[in-house]
Amino acid sequence: MIGAKLGEGREAEVYAWGDRAVVKLYRPGYLGHLAESTALANLDGHGVAPRLIEVVNWDGRPGLVLERLAGSDMLALLQRRPWRVLALARALAAAHLAVHGVRAPADLPDLRQVLAARVEDADLPPQLRDFAMRILDGLPSGDRLCHGDYHPGNVLVAADRISVIDWANATRGVPEADHARTLLLLRWADPLPGTPLISRGLMAAGRAVFARGYARTYGGGSGRPLQLVDSWLVVHTAARVSEGIEVEQPLLIGLLEGARRNATR
């Protein structure tokens, strides 16, 4: 039943599974299928994610059989049609708001605990680690579904549907926390290795416009004032250091040092 490989990432590979489904096979040692299957089961019927068909074990590897979706990821679409930057930013925000309208199952990890572990693991000067942890200690828990890695590369766009994929980092928390992670990625994340130079140039020119469009639409559609986004942004910046993306480290450290100086004034 397993067919041609359709894609792969650090944690998993995706193969065709018949004509109307795909199977996402996790690599040995990765357990993201636990959170992903829980999140997708909870999202069934909401129309913002692929349908989870079944959980399988293939040659000793856990896998998720998922509805096969048409369309292109939003990042690729932005690279091909940069003039759609504002429309796609609004679409990204609208889908994120829809996700945050869903109550998270209780057995998903608590986002605050996940962030605390990542900040502790980050290669940070002690004063910056302590600063981030003090801020996290004052932030609230929540019961909303949080994606954990929400950015244009994890959103598929078809003519009549937008679907959010890759739920391995799903948690429960407050919407502002997940929103802040997206702001961090949109503003400062380095493009993936192998991104063509021309695409890097387009992304550099358009990312500020895209980030502002996303933030404005998300804030306007939330129905309430957003709380403590800047504080969540500091914590996510510290946690991002734990991902070991060397080219980003000086920028992330600089952002944390600037936030710490401002907090002591």
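Two strands are taken to pair if DSSP finds at least two bridges between them. In this predicted model, strand S1 (residues 2-8) and strand S2 pair in the antiparallel sense over 4 bridges, and within this pairing Ile-2 has Trp-17 of S2 as its bridge partner.

The structure holds 2 aromatic pairs. One of them is formed by Trp-17 and Trp-58, whose rings are arranged edge-to-face, at 5.7 Å centre to centre and with 80 degrees between the planes. Since Trp-17 lies in strand S2 (residues 12-17) and Trp-58 in strand S4 (residues 52-58), the pair ties together parts that are 41 residues apart in sequence. Trp-17, with a relative accessibility of 10%, counts as buried, whereas Trp-58, at 34%, counts as partly exposed. Tyr-214 and Tyr-218 form a tilted aromatic pair, with 6.0 Å centre to centre and 35 degrees between the planes. These two tyrosines are 4 residues apart in helix H7 (residues 197-221), so that about one helical turn separates them. Tyr-214 is buried, with a relative accessible area of 0%, and Tyr-218 likewise counts as buried, at 2% relative accessibility.

The largest nonpolar core comprises 69 residues, of which Met-74, Leu-145, Trp-167 and Phe-210 touch the most other members. When residues up to four places away in sequence are not counted, the contacts of Trp-167 include Ala-35, Ala-39, Leu-40, Leu-43, Val-99 and Leu-145, together with Glu-36 and His-147. A second, separate core of 7 residues includes Trp-17, Val-23, Val-56 and Val-65.

Val-99, one of the residues touched by Trp-167, is also among the buried residues of helix H3. This helix (residues 85-100) has 16 residues and reaches 23 Å from its first C-alpha to its last, which is close to the 22 Å expected at 1.5 Å a residue. Other buried residues of H3 include Val-85, Leu-88, Ala-91, Leu-92 and Ala-95, as well as His-96 and His-100.

Terms used
Residues are numbered from 1 along each chain as its sequence is written. This is a predicted model: local features need pLDDT of at least 70, side-chain atom pairs count only at pLDDT 80 or more; totals for chains, interfaces and linings use all residues. Side-chain values use heavy atoms; hydrogens and water are left out. The expected span of a helix is 1.5 Å times one less than its number of residues. Buried means under 20% relative accessible area, exposed over 50%, partly exposed in between (1.4 Å probe, protein chains only). Rings of Phe, Tyr and Trp (its six-membered ring) pair if their centres lie within 6.5 Å; planes under 30 degrees apart count as stacked, over 60 as edge-to-face and the rest as tilted. A nonpolar core is a set of buried Ala, Val, Leu, Ile, Met, Phe, Trp, Tyr and Cys residues joined through side-chain atoms within 4.5 Å. Contact means heavy atoms within 4.5 Å.
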